[in-house]
Amino acid sequence: MTASTRRTCPSCQTRLSPLAAECPECGLTLAPPRQGRPMLFQASALAQVPLEAPPRALTAPALGRVAAVAVDVTAEELERPDTHPPSPSQGPHAQAALGFQEPVSSFWPLVKVEATEALLLLLVQGLALALPAWVLGISPSRLLTGAWPLVLPYLLAVSWILFMAPLALTGQSPLMASFGVTLPENSPERRMAFSLVHMLSVLCFPLSFLCMVLDPRHRTLGELLSGQELLARPTGRMR
C-alpha cells in the first residue's frame, strides 16, 4: 500500500497538490513534503543534512476572515487637524519650484512689448522701402504711390519675417526676451501661425491696446485671434 499524498493547508484547510510550495488561498509558505529513505544518488543522503522542521501553522484564520481587533482611540485623536490654506507668499514660490508658469497678469509688460515692437516694425519697413527707392533713384513716397500693388506685399513679407523667424526658432519675438515674455508652444507650425497674428496685432497697436484694456486678462489682439497666451518666462533660481 502507498501512503496518501493528500495535503491540506494548516491555516485555511484548503486541499493542496503534493508539490505545492505555498497555499493559493491564503499564501502561507509550506514546508517541503517529507521524503522517505534517501536514495544513494541523492546528495542529501551523502551529506546527511537533517530536514528542517515545518513552520508552525497560523494561529489566526486566513486573510479576509480575520476577526476585528478593538483599538482604544480617544476622541481627540479622531479629530482632523485644522487645514489652513497656503499663504500667498508661499504659493508662488512652491509653484515656481515645480516649474509652474503663470500667465502674465501685468498690463504693462504686454503694452511695452507691442509698443516697442511697433516702433521697430516702422523702422524696418522704412529701411525696406528706402533701399529699393535709393536703388531706383526715386523717393520712397513716389515708389509707394506708383507701385503699391508690389510694395505692400513686399513690406508685409519683410514684416512677417521679422517676427516669424525668432518666434519659430525660440518662441519669442525680437523684444519679448527683454520684458520676460515667451510663447509656451513646442510646435513650429503653431509658432508660425502666432507670428502672423502677432504681426497684425503690432501693426494695429491702438486696437490691440484697446483689447488689453477691455479684456479682464489683458490679452492682446494676437492672443484673442489665436487662442494662445504669452506667459512669463521662468527665471533660474539658486539652490
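Q: Where do I start, and how many helices and strands does the protein chain have?
A: Start by keeping in mind that this is a predicted model. The protein chain has 9 helices and 4 strands. Reading from the N terminus, the elements go β-β-α-α-α-α-α-α-β-α-α-α-β.

Q: Okay, it's predicted. What is the average pLDDT of the protein chain?
A: pLDDT is the predictor's confidence in each residue, from 0 to 100. Here the chain averages 74, and 67% of the residues score at least 70.

Q: Which helix has the lowest confidence, and which the highest?
A: Helix H3, residues 91–97, is lowest with a mean of 48, while helix H8, residues 205–214, is highest at 90. Also look at residues 94–105: pLDDT stays under 50 there, and the model has 20 contacts beyond four places in sequence for that stretch.

Q: What about the chain as a whole? What share of its residues is buried?
A: Of the 239 residues in the protein chain, 26% are buried. Among contacts with a separation of 6 or more, 57% are between residues 24 or more positions apart.

Q: Now the helices. How do I describe two that pack together?
A: Two packed helices are described by the angle between their axes and the distance between the axes.

Q: At what angle do H4 and H8 pack?
A: The angle is about 175°, and the axes are 11 Å apart. An angle over 145 degrees counts as roughly antiparallel, so H4 and H8 are roughly antiparallel to each other. On the H4 side, the contact is made by Phe107, Leu110, Val111, Glu114, Ala115 and Ala118, and on the H8 side by Phe205, Ser208, Phe209, Met212 and Val213. Sorted by class, that contact has 9 nonpolar, 1 polar and 1 charged residues.

Q: And how do the axes of H4 and H6 cross?
A: The crossing of the two is right-handed.

Q: Which residues of H4 and H6 meet?
A: H4 brings Glu117, Leu120, Leu121, Val124, Gln125, Ala128, Leu129 and Pro132, and H6 brings Val151, Tyr154, Leu155, Val158, Ser159, Leu162 and Phe163. By class, the contact of H4 with H6 divides into 12 nonpolar, 2 polar and 1 charged residues.

Q: How does H4 sit against H7?
A: Helix H7 is residues 188–203, and its axis comes within 9 Å of the H4 axis, with a crossing at roughly 90°. That makes H4 roughly perpendicular to H7. Glu114, Glu117, Ala118, Leu121 and Gln125 in H4 meet His198, Ser201, Val202 and Leu203 in H7. The contact of H4 with H7 has 4 nonpolar, 3 polar and 2 charged residues.

Q: Let's zoom in on one residue. Is Thr220 buried or exposed?
A: You check its relative accessible area, and buried means under 20%. Thr220 has 1% relative accessibility, so it counts as buried. Its place is in the loop between H8 and helix H9 (221–226). Leaving out neighbours within four places in sequence, Thr220 is in contact with Leu110, Glu114, Ser201, Ser208 and Met212.

Q: What is phi like at His218?
A: Phi of His218 is near 55°, a positive value in a residue other than glycine. His218 is found in the loop between H8 and H9, and it is partly exposed, with a relative accessible area of 22%.

Q: And what is phi at Gln13?
A: Gln13 has a positive phi of about 60°, although it is not a glycine. Gln13 lies in the loop between E1 and strand E2 (15–16), and it is exposed, with a relative accessible area of 54%.

Q: Which residues does Thr8 touch?
A: Not counting residues up to four places away in sequence, Thr8 touches Gln13, Thr14, Arg15 and Leu16. Thr8 lies in strand E1, residues 7–8, and is partly exposed at 40% relative accessible area.

Notes: Residues are numbered from 1 along each chain as its sequence is written. This is a predicted model: local features need pLDDT of at least 70, side-chain atom pairs count only at pLDDT 80 or more; totals for chains, interfaces and linings use all residues. Side-chain values use heavy atoms; hydrogens and water are left out. A crossing is left-handed if the near helix is turned anticlockwise from the far one by less than a right angle, and right-handed if clockwise. Contact means heavy atoms within 4.5 Å. Ala, Val, Leu, Ile, Met, Phe, Trp, Tyr, Cys and Pro count as nonpolar, Asp, Glu, Lys and Arg as charged, and the others, Gly among them, as polar. Axes are lines fitted to C-alpha atoms, for helices over the stretch in contact, and angles run from 0 to 180 degrees between N-to-C directions. Angles under 35 degrees count as roughly parallel, over 145 as roughly antiparallel, 65 to 115 as roughly perpendicular and the rest as oblique. Buried means under 20% relative accessible area, exposed over 50%, partly exposed in between (1.4 Å probe, protein chains only).
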